[in-house]
Amino acid sequence: MTSVTATKRSGPDDPHGGHSGRDGHGGQGGRPRRSWRPGPSGPPPRGKAFGDRAAWFLVLPALIPILILSVGPLLYGIALAFTDAQSGRTRSTQWIGTLNFQDLLHDTLFWDSFRIGLVWAVGVTVPQFLLALGLALLLNQNLRLRWLARALAIVPWAMPEVVVGIMWRLVYNPDAGILNETIRDLGLGDGRDWLTGLATALPAVILVGIWAGMPQTTVALLAGLQNTPRELHEAAALDGAGAWRRFRTVTWPAIKPIALAISALNLIWNFNSFALVYVLTSGGPGGRTRLPMLFAYEEAFRYGQFGYAAAMGCVMVAVISALLAFYLVGRLRGGEDR
């Protein structure tokens, strides 16, 4: 009895010469019993390791410029914010801790520029989105010469901001600008100096920002509209839904992710604007169009206060990071809800 039991439990490599059956309990010529314990994880295959290294080599040409031109200056600027760095070769730089940030808390001029920057960013982003949405809905229709209208719609986007600023300065020119000439021809008055008036400078600059940034929003929304299945619109029309109801129940849910993404990016880009406002007004008159980026530029390159300007930059980076984090959290929650 003991020999039979030993024979049943022995495997094919058992020194006692037994063979396990198909079910792992005995029988001649059966399969060996399988072990269900996970084996030790060995090194990754050579092909996979080589593929990972090759992927890093492919990413490096794009990663190195980002590290050198973006991440490096950002870290240097953050470190500079904790020093008293000023212009001048012979002046030594001292570590002063958070003194720049303490001074910044009591700088009313900076917080005024910050408020102006928020008004500018929201005042450009919201009308820009609404007008771009209307234009995208129009360009999505089967119109004659639609290709020409789409090409003309992206012309402002293709123009550099400096060129746009110079062109609109000519439009706003108080003596020979096309805007004042039109007002005089219509008998509405003698016109005014739009870019130097305390009450008109910021609205005039916001109008230019809307015109210059609307094409990219239009292109993004138009791409979302073209990806919306027409069968959904046809089914809603057959059910008796009007144009507004079709937009609310079919069109908007389809383009909502794109709309949120492009609006968040526009808000960040507009808050960081520099070139357009600098060419138009240089922050005037009386600081009415001095955006935070313009204020930091003046502190650094007009007055030579590099450390103080770097502290302003850190505050703006923190605000933009908070906006971006808020947007990403909303996107993640939206994805979990779906």
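**A few notes on this predicted model**

1. Let's start with a salt bridge, where a side-chain nitrogen of Lys or Arg sits within 4 Å of a carboxyl oxygen of Asp or Glu. Glu181 makes one with Arg184, and their closest N and O atoms are 3.4 Å apart. Both residues belong to helix 8 (residues 178-185), three residues apart, or about one turn of the helix. Helices here are DSSP runs of H or I with at least four residues, strands are runs of E with at least two, and the numbering goes from the N terminus.

2. Before going on, some housekeeping: this is a predicted model, in which local features need pLDDT of at least 70 and side-chain atom pairs count only at pLDDT 80 or more, while totals for chains, interfaces and linings use all residues. Residues are numbered from 1 along each chain as its sequence is written, and side-chain values use heavy atoms, with hydrogens and water left out.

3. The cut-offs are under 20% relative accessible area for buried, over 50% for exposed and partly exposed in between, using a 1.4 Å probe and protein chains only.

4. How many salt bridges does a search of the whole structure find? It finds two. Glu298 and Arg290 form one as well, with their closest N and O atoms 3.3 Å apart. Here Glu298 is buried, at 9% relative accessibility, whereas Arg290 is partly exposed at 21%.

5. Now look at Thr289, in the loop between helix 12 (275-280) and helix 13 (292-301). Thr289 counts as buried because its relative accessible area is 1%. Its side chain has a polar contact of 2.6 Å with the side chain of Thr281. (A polar contact is a pair of N or O atoms within 3.5 Å; within protein, one must be able to donate a hydrogen and the other to accept it, and residues adjacent in sequence count only if both atoms are side-chain atoms.) Setting aside residues up to four places away in sequence, Thr289 touches several others, including Ile116, Leu202, Val277 and Leu294; contact means heavy atoms within 4.5 Å.

6. Asn100, in helix 3 (residues 99-105), is another buried one, at 8% relative accessible area. A polar atom of the Asn100 side chain lies 2.8 Å from the backbone oxygen of Thr83. Beyond four places in sequence, the residues Asn100 touches include Ala81, Gly307 and Tyr308.

7. Next, the inside. A nonpolar core is a set of buried Ala, Val, Leu, Ile, Met, Phe, Trp, Tyr and Cys residues joined through side-chain atoms within 4.5 Å. The largest one has 41 residues, and Trp120 and Met312 have the most contacts inside it. Helix 14 (306-337) is one of the elements giving two or more residues to this core, and helix 14 supplies the largest share, eight residues.

8. Finally, the rings. Phe, Tyr and Trp rings (for Trp, the six-membered one) pair if their centres lie within 6.5 Å; planes under 30 degrees apart are stacked, over 60 edge-to-face and the rest tilted. That rule gives 17 aromatic pairs. Phe274 and Tyr278 are a stacked pair, 5.3 Å centre to centre with 15° between the planes. Elsewhere, ring pairs link Phe110, Trp111, Phe114, Phe271 and Phe295 into a cluster.
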